[in-house]
Amino acid sequence: MPQSLMSVIVLLSWLALPVALICIVDDWFLRPRRLIAAPVPPQDAPLMTFLYSALPVLIACAVLRLLVAERLDFSAVLLGITVLTGLVWGIDHLLLRRSRAAAARAAGKDPAQIPEPGTVDYARSFFPVALVVLLLRSFVFEPFRIPSDSMMPTLLDGDFIIVNKYAYGLRLPVINRKFVQVGVHDNLIIVNGKPVPFYVGRQRYNDGCYVNMSIAHERLGAHEHEAIFCPVALDRQPVLPSCKRSGVRGYVCGDEDAPGSGRMPPFVGDVPAGHYLMMGDNRDNSDDGRSWGYVPEENLVGKATRIWFNWDLGRSGGPMWSRMGSTIQ
């Protein structure tokens, strides 16, 4: 997505909240008074007509910004929607509906002829949906967006994945040992002196941005997954014509003496009890635990199980529909 278009979307998303508040106040409080006082249904003021028309566009921009953002707290947003719709529905049901009916009767009108504010109708419809989604997201499944190339080839930048929230809580045993010694040398993980099986095949990985990368199959316990790496050296090209992603340098494997070539340095460390070392499958281009340390067990959210959507805004061609519904091994 062009940066100029994204800037417009961000600006419009900031307008969504104040415009929504204005529309809620008018629709929930002021419009019913106009309907009760006027002999015939009155027309909205031109400004309010414009705001009501613009509100769906602004909300769409806000939702799109939430989808592409990496730092916004989706749980907080969802909790806010649940609380707000619940309050609107509850307050109107307990207090305001009766006052509207009393005002209509005082004006000589049938309360049944005064339509319910659209704000209340939306709140009553959205509240149970938002509550169910909040509970599912908190305790069963949660969606995430992959923001980088660290997990290639298993997960790509722009993948939207579903995480099983209870998988690790049920399956991980309590670690009683004080330390687990881990080393990483030439992309090979060594746990307590024993190398993790790492089988390199003849296949090569090429997607236009990563060229001539080796594909390995790594086995952790009963689980096997793919990793990509460069056994010789990684030449970080400034631009590759075949790479259709903005802001991504080209990575070409095979030239040991190329300018800018290099590989991840060896890593050795003791993993404290209750902590984990996180490593990306893209072994030579992953800012992972080898750089920033260990992750406490309480920070583990769940197990990634499925890709439900893919859209890397920096890649031309739009969404990759073929990845939708893919199982994560």
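pLDDT is the predictor's confidence in each residue, on a scale from 0 to 100. That score is a handy place to start here, since this is a predicted model. Helix α1, covering residues 3-37, has the highest mean of the chain's elements, at 90. At the other end sits helix α5 (residues 167-171), with the lowest mean, 50. Residues 170-179 stay under 50 throughout, and the model gives this stretch 15 contacts beyond four places in sequence. Where pLDDT is low, the predicted coordinates should not be read in detail.

Back in helix α1, Asp27 is worth a look. Setting aside neighbours within four places in sequence, Asp27 touches Pro32, Tyr52, Pro117, Gly118 and Thr119.

As for nonpolar side chains on the inside, the largest nonpolar core is made up of 15 residues. Those with the most contacts inside this core are Met152, Tyr205, Tyr210, Met213, Ile228 and Leu234. Two elements, β8 (213-220) and β11 (250-253), each supply two or more residues to the core.

The surface has a nonpolar feature of its own: Leu79, Val83, Leu87, Ile91, Leu94 and Leu95 make up a patch with about 550 Å² of accessible area together. One of these residues, Val83, lies in helix α3, which runs over residues 74-106. Val83 has a relative accessibility of 44%, so this residue counts as partly exposed.

Definitions and conventions. Residues are numbered from 1 along each chain as its sequence is written. This is a predicted model: local features need pLDDT of at least 70, side-chain atom pairs count only at pLDDT 80 or more; totals for chains, interfaces and linings use all residues. Side-chain values use heavy atoms; hydrogens and water are left out. Patches are made of residues with over 30% relative accessible area and no salt bridge: like charges are joined within 9 Å, nonpolar side chains (Val, Leu, Ile, Met, Phe, Trp, Tyr) within 5 Å. Accessible areas come from the Shrake-Rupley method with a 1.4 Å probe; for residues, only the protein chains shown count as cover. A salt bridge is a side-chain nitrogen of Lys or Arg within 4 Å of a carboxyl oxygen of Asp or Glu. Helices (H or I, at least four residues) and strands (E, at least two) are DSSP runs, numbered from the N terminus. Buried means under 20% relative accessible area, exposed over 50%, partly exposed in between (1.4 Å probe, protein chains only). Contact means heavy atoms within 4.5 Å. A nonpolar core is a set of buried Ala, Val, Leu, Ile, Met, Phe, Trp, Tyr and Cys residues joined through side-chain atoms within 4.5 Å.
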